[in-house]
Amino acid sequence: MLKLDNVTKVYRVGAFGGKTLTAVGDVSFDVRPGEVVSLIGESGSGKSTIGKMILGLTPVTGGSITLDGAPVRPGKEYYRHVQGVFQDPFSSYNPVFKADRVFQMIRQAYYPEVRETDWAERVHATIRDVRLDPDQVLGRYPHQLSGGQLQRLLIARALLLDLKLLVADEITSMLDASTRIDVLNLLAELKERGLGVLYVTHDLSLGTYLAERTVVLRHGKVVEMGLTDKVFGNPLHPYTRQLLAAVPRLHAPWEDAEPVTDCLYHRGGASGGLSEAEEGHFVACARLDGCPE
Amino acid sequence: MSLRVNDLKVYYKTLKGEVKALDGVSFEVGDGEILGLAGESGCGKTTLAKSLIRMDGRMRHTGGTVELDGEELPIGDDRRMNAFRFHRVSLVPQYSMSALNPTRKIGKMVTELLRSRGVTPDAGKLRGRLDAVGLPHEVLDRYPIELSGGMKQRMVMVVSTLLDPSLLIADEITSALDVSTQKAVAGALAGFRDDGLVKSMIFVTHDLSLTYQIADTIMIMYAGRLAEKAPAKEIIEAPRHPYTRLLINSLPEVGVRYAERKLAGIAGSPPSLLNPPKGCRFRDRCPLAFGQCEQEPPVVEVAPNHSVACWKA
């Protein structure tokens, strides 16, 4: 459905844009209907830039992004199928207006022909779909609702459209542990109904909970990707291993990451292209084809 | 005992009335102990951390006492607290990026800060502390904008502990950091205690698995009250309070998959603290609630160092 081919993004930085910074370099993967793909990376890995390019908020420098074969053309038709939800629910709403205004805006833009009563019915049904009680959330201002409620309303807003792909960029990082899991379970239910979800996060445990496939990014390049079980069950790249070792766990004290060896990855951060280590598991690590380490 | 908090009550003054953010909390922190403080938003953990160092304008100290090394902390008296701040109690704030002066080089800022506290700067000591958290000495000649988030956070930690406070409060210091930086910062924090630079520490976070990594004791709060307090290993492996259990069960871990084991959140939301319900405050969301929960459960020590406020515990 969504396909990224050798996508590259170069930003101009410096006082007069004299320098360039490659935020995303040569990234290719796809998202199929009914599938959650998690995009994992630390700050500066380019994960949000990829989300923005898919949403058409920033143009690609090289490569192509296509949805069902058609290139990304930001506009009403494209946003009917692709929507994004972002990290901070409190800055996604206009505090001056009631939160349910986001539903009205969808109607004005996409469904002006739908009658008021039919629309209200549709909104109510969708709100119940995201496990909220319409009486509790409609007619309220953003500050009267909790972060989890606001986040779910944004998902409901996206669902009112003819949605194929949802880009969820760190949508749970501002929520409490107890509400976070509700939002994740909701995404899983939507996935089972055929929605494709690109779940962007820095939190490995949240990524593994939902995703069929995982893409690990570092400095804008894919270091490891494939089926989640394989990537996290048998991490091959030293960076993935290091990330996994740094995740705080319950029931097990922190282990030290395996000692840093002098490999290509550690010297320059640059590693070769992706090669298939096992079925459905790709790694960009020179170790696989005879690392000089 | 280095810190002893007895029936502490701190209310917020609002137009609608008093918000009872901290409503009768008692606990102790021993010498060399790291206490992890966890709970959902609005449970009173930040209010507790703030009230031990500096109350903001809306907070009122309505009851209870705080004793540090046998001496009472005048937490309700902003002026008298000044003598204690940084010398005896210190804080590492959540947003290090806004804690450093952007217009000064870091070395100059530290010197100015120390002078304002009437202390002569000791360059050798400062360098030693930078080594302890793994920062190069050159950071002193840099502006905050030239440091990464993790470096800034560690720099703030060095500044906060430069006067060897007895108690250090770390309020959500890792929530804005990446996993690997988070590990380095948490490790540096535990190092302060191991090296005896600070006597005891309160580590506030909403991330239970991170607290488990560095705390000796974990205290779970709910709606301004203590729910459960026990040694870290015990509270994670054998939680007694239903709230603690639900909280632990809602944590996704690496390897847990939706398809295999579906985690559940905690239904409902914490009660309003303007008029908190009588009796057990967790009652409305609790799967075990029964008649007796209409009375307030006392905090009972069910095992050595393991206290729970629940009738069913």
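Two residues are taken to be in contact if their C-beta atoms, placed from the backbone, lie within 7 Å. In the predicted model examined here, B:S96 touches B:K152, B:Q153 and B:V156 by this criterion, when residues up to four places away in sequence are not counted. B:S96 is found in the loop between β6 (89-92) and α3 (106-116) of chain B. The residue has 25 C-beta neighbours inside 10 Å and therefore counts as buried, the cut-off for that class being 20 or more. B:S96 is also 9.4 Å from B:M151, C-alpha to C-alpha, although 55 residues separate the two in sequence.

Chain B also contains an open sheet of four strands, arranged in the order β2-β1-β4-β5 with antiparallel pairing. At its edges are β2 (17-29) and β5 (71-72) of chain B, each of which pairs on one side only. The partner of β5(B) is strand β4 (residues 59-68) of chain B, and two bridges connect them in the antiparallel sense. Within this pairing, B:E67 stands opposite B:E72 of β5(B).

The contact between the chains draws 31 residues from chain B and 30 residues from chain A. On the side of chain B that touches chain A, two or more residues come from each of α6 (179-194), α7 (208-214) and α9 (242-249) of chain B. Of the elements on this side, α7(B) gives the largest share, five residues. Sorted by class, the side of chain B that touches chain A comprises 15 nonpolar, nine polar and seven charged residues.

In chain A, an unreviewed UniProt entry lists residues 2-244 under "domain: ABC transporter".

Helix α1 (residues 47-54) of chain A is largely enclosed by the rest of the structure, because eight of its eight residues are buried. The buried residues of α1(A) are A:K47, A:S48, A:T49, A:I50, A:G51, A:K52, A:M53 and A:I54. After α1(A) comes A:G56, which has a positive phi, near 75°.

Strand β9 (residues 213-218) of chain A is likewise mostly covered, with six of its six residues buried. In a regular strand, side chains alternate between the two faces of the sheet. In β9(A), A:R213, A:V215 and A:L217 point one way, while A:T214, A:V216 and A:R218 point the other way, and all of them are buried.

Strands of a sheet pair through backbone hydrogen bonds, in either a parallel or an antiparallel sense. Both senses occur in the pairings of β9(A). With strand β3 (residues 36-40) of chain A, β9(A) forms four bridges in the parallel sense. One residue pair in this arrangement is A:L39 with its bridge partner A:V215 in β9(A). With strand β10 (residues 221-227) of chain A, β9(A) runs antiparallel and is joined by six bridges. Here A:R213 has A:L227 of β10(A) as its bridge partner. β9(A) and β10(A) form a hairpin with two residues between the strands, and A:H219 in this hairpin adopts a positive phi near 50°.

Technical notes:
Residues numbered from 1 in each chain as written. Chains lettered and ligands numbered in written order. Predicted model: local features only at pLDDT ≥ 70, side-chain atom pairs only at ≥ 80, totals over all residues. Buried ≥ 20, exposed ≤ 12 C-beta atoms within 10 Å, placed from the backbone. Pairing = 2+ DSSP bridges. UniProt positions renumbered as here; feature names shortened; annotations may be inferred. Nonpolar A, V, L, I, M, F, W, Y, C, P; charged D, E, K, R; others polar.
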